[in-house]
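Here is a short briefing to read alongside the model. Take a moment with the sequence and the 3D view, then follow the notes below.

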Amino acid sequence: MVIRIQPSTQTLYDQDYYLWLRTTINQLRTSQFLSVDLDNLIEELEDMGRSQKRTVKSLLIRLFEHLLKLTYWNVERERNQGHWKGEIRTFRREIKDELKDSPSLKPYILEIFDQCYEDARTEASDRSQLSIDIFPLIPIGSLEQILDENWFPEYNHNHHGKPD
């Protein structure tokens, strides 16, 4: 005699993620709480939080990088400033959207602010081939300034912006 066993939700998670997701949502909506695959559901919720943090961190680094290029890469500014300003506006909007959806991420942004700036200095230096020393050690603006859609740092006219 062969006994057929229905695939468990655990197996469903590994076999068909989308179907697992739809099944879990349906179980929650219909109050079938004992049937919910709690271990994977908890893991997914934790991953969502980590993913949001990674997104905000990446956007902040990219925002700083473009602000630095706009301010210090003099040789390329005339040709690229329109593109850089457009990117800056996009990154600002996306960060604000993330904060609107999850206001509790603002303390996290403050926590990673300096490290993101350091990472952006390195990336701006790599992309521009300018010495990292061209870019100031201290962030070029406060969180409020860099997220302000009308704020742009003043150009640094003292450096030629040519690769060293």
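The largest nonpolar core in this predicted model has 33 residues, where a nonpolar core is a set of buried Ala, Val, Leu, Ile, Met, Phe, Trp, Tyr and Cys residues joined through side-chain atoms within 4.5 Å. Leu60, Leu63, Phe64, Leu68, Ile95 and Ile146 have the most contacts inside this core. Buried means under 20% relative accessible area, exposed over 50%, and partly exposed in between (1.4 Å probe, protein chains only).

**Nonpolar cores**
- Two or more residues of this core come from each of helix 3 (38–72), helix 4 (74–101), helix 5 (106–128) and helix 6 (143–147).
- Helix 3 gives the most, with 10 residues.
- Another core, of five residues, lies apart from it and includes Tyr13, Trp20, Val36 and Leu41.
- Leaving out residues up to four places away in sequence, Ile146 touches Leu60, Leu63, Phe64, Leu67, Arg92, Phe113, Gly141 and Trp151; contact means heavy atoms within 4.5 Å.

**Overall fold**
- The protein chain has six helices and zero strands, both taken as DSSP runs numbered from the N terminus (helices H or I, at least four residues; strands E, at least two).
- Of the 164 residues in the protein chain, 38% are buried.
- Among contacts with a separation of 6 or more, 70% join residues 24 or more positions apart.
- The accessible surface of the protein chain is about 10,700 Å², and carbon and sulfur atoms hold 50% of this area (Shrake-Rupley method, 1.4 Å probe; for residues, only the protein chains shown count as cover).

**Aromatic rings and charges**
- Seven aromatic pairs turn up across the whole structure; rings of Phe, Tyr and Trp (its six-membered ring) pair if their centres lie within 6.5 Å, with planes under 30 degrees apart counted as stacked, over 60 as edge-to-face and the rest as tilted.
- The Tyr13 and Tyr17 ring centres are 5.9 Å apart with planes at 70°, so this pair is edge-to-face.
- Tyr13 counts as buried at 15% relative accessibility, whereas Tyr17 is partly exposed at 39%.
- One aromatic cluster is formed by Tyr13, Tyr17 and Trp20.
- The charged end of Arg77 sits over the ring of Tyr155, 3.9 Å from its centre, the criterion being NZ of Lys or CZ of Arg within 6 Å of the ring centre and within 35 degrees of the ring normal.
- Lys85 lies over the face of Phe152, 5.0 Å from the ring centre.

**Reading the numbers**
- Residues are numbered from 1 along each chain as its sequence is written, and side-chain values use heavy atoms, with hydrogens and water left out.
- As this is a predicted model, local features need pLDDT of at least 70 and side-chain atom pairs count only at pLDDT 80 or more, while totals for chains, interfaces and linings use all residues.
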